[in-house]
Amino acid sequence: MASPTTLPFPPQLHSIANVPHPSASGQTFTTLNPTTNTPLALIHSAGPPEISAALAAATAAFPAWAALPPVERSRILLKAVAILRERNDEIARVETLDTGKALCETATVDVATGADVLEYFAGVGMGLGEGKTVRLRTDAWVYTKREPLGVCVGIGAWNYPIQIALWKCAPALAAGNTFVFKPSEVTPLTANILAEVFTAAGLPPGVFNVVHGPGAVGAALTRDPRVAKVSFTGQPSTGILVNQSAAAGLKHVTLELGGKSPLIIMADADLDAAVDAAITANFYSSGQVCTNGTRVFVHADIHDAFVEELKTRMAATIRVGDPLAADTNFGPLVSAAQYAKVRSYIAHGLTVDGATLLTGGLARPAGATAHGYYVAPTVFTHCSDGMKIVRDEIFGPVACVLRFGSVAEVVRRANDTALGLAAGVFTRDLDTAHRVVGGVRAGICWINTWGESPAQMPVGGWGFSGLGVENGKEALRQFTRGKSVLVEHGGVAPAFAKL
């Protein structure tokens, strides 16, 4: 293995109270570039001393940060927004090296949308002191207020590292909480950059901390009694374990979990727009997006035309290559494990499910680098609802096209899943559109578009797709707790005097 001094990045330490912090055990792991399958950096793995130190720093910093007027917290967060935007291209390049996502994505979406969310909550958080008053009688009234929870933990996913970190910490910090973030061990590099940004913006020591390591580190953070809330993004099976662990301490939780989302194309849909959306909903970020519309339901009247146009448009618009290249918009999958998993599903679709391969498959796509984890953009047709490739979340560039005949039928079939993250419908008839989104069981819905999640829009799943929401004012509220106060101005009569 390469020496740490010859790797592209220096060893990544933990960030605790704004200071780089090595692991006492000396234990490290390596993060790899999925485009070349070569090491990028050694990452220090947290043990009990580092986990305890991060939580102690966050605990110590909480009283002063919570007491700071919201407008002063906002000024610090807005400085961080400005720094993120100044360093956008630098951070995007690191994100591309770590994730394999095309630079055209990371440079325009990943950092930018994270900064947008931080800017949004810096503004919304200034209104945190607003409550309500209720007059009970002439000499008595009630007022309510929201207060921060305390130390919060964020556990990130590997597909949108810095965006997810910001989606989690922005409402928490704006509300006056302190934060400990554990990035995915698969894509950990930008977490420390975010810590640097907050330090440069003037965030007090201990308010934002980073610890690295495997799932055991997240588990230790989740069960620690000093933690008031856990926000987790990942697969449902892990989210259930997080929820069970947090429940033992009655901790607050937000869970953003998986999806197997339906994209519904009605007979009157704008065919060009629907095809473009289907490509975005399945092949953006090489298919590694939790909200992807991988069950593409197409009305029987336009099914054949849609499939033909989809194949043509994919060939014309998807450009596989080195993700750092300017003309590439489709890179490798994030890891060897994800590569093997996605290929196993494609093989199952071919040999067991018996679906028809429209394009893609197991052959290495043209333009792939020699050692990268590339899977060809793949579309199956003649699919049925019971197929494994239709039912399971694959989390890769694999779309399943299904034929339907009526609104009632497609809504019923769309809901035939335990997951309920997202759904979308394309139609020129808005009455039909609202009937469809009113019937599907999903927390995020789009009409005649797919995928946009602005900071103002609360997003969260139903069923096994999650609990709570991220973004929007609702997310800020979920990082606070309510307090009600009754004020008596008149004389207080002892209760027993009234009996």
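1. A search of the whole structure turns up seven aromatic pairs. Here, rings of Phe, Tyr and Trp (its six-membered ring) pair if their centres lie within 6.5 Å; planes under 30 degrees apart count as stacked, over 60 as edge-to-face and the rest as tilted. Before going on, keep in mind that this is a predicted model: local features need pLDDT of at least 70, side-chain atom pairs count only at pLDDT 80 or more, and totals for chains, interfaces and linings use all residues. Residues are numbered from 1 along each chain as its sequence is written, and side-chain values use heavy atoms, with hydrogens and water left out.

2. Trp158 lies in the loop between strand E7 (151-155) and helix H5 (161-174), while Phe395 is in the loop between helix H12 (388-391) and strand E16 (398-404), so the pair ties together parts 237 residues apart in sequence. Helices (H or I, at least four residues) and strands (E, at least two) are DSSP runs, numbered from the N terminus. Trp158 and Phe395 are both buried, where buried means under 20% relative accessible area, exposed over 50% and partly exposed in between (1.4 Å probe, protein chains only).

3. Next come Phe198 and Phe208. Their ring centres are 5.0 Å apart and their planes stand at 55°, so this pair is tilted. Phe198 belongs to helix H6 (residues 189-201) and Phe208 to strand E9 (residues 208-210), ten residues apart. Phe198 is buried, with a relative accessible area of 1%, and Phe208 is buried too, at 2%. Together with Phe179, these two residues form one aromatic cluster.

4. The charged end of Lys101 sits over the ring of Tyr160, 3.2 Å from its centre. Lys229 lies over the face of Phe479, at 4.0 Å from the ring centre. The criterion for a charge over a ring is NZ of Lys or CZ of Arg within 6 Å of the ring centre and within 35 degrees of the ring normal.

5. Finally, a sheet. Three strands form an open sheet in the order E5-E6-E22, with antiparallel pairing; two strands pair if DSSP finds at least two bridges between them. Strand E5 (133-137) and strand E22 (480-488) are the edge strands, each pairing on one side only. Nine bridges join strand E6 (residues 140-148) to E22. Which residue in E22 is the bridge partner of Ala140? That is Glu488.
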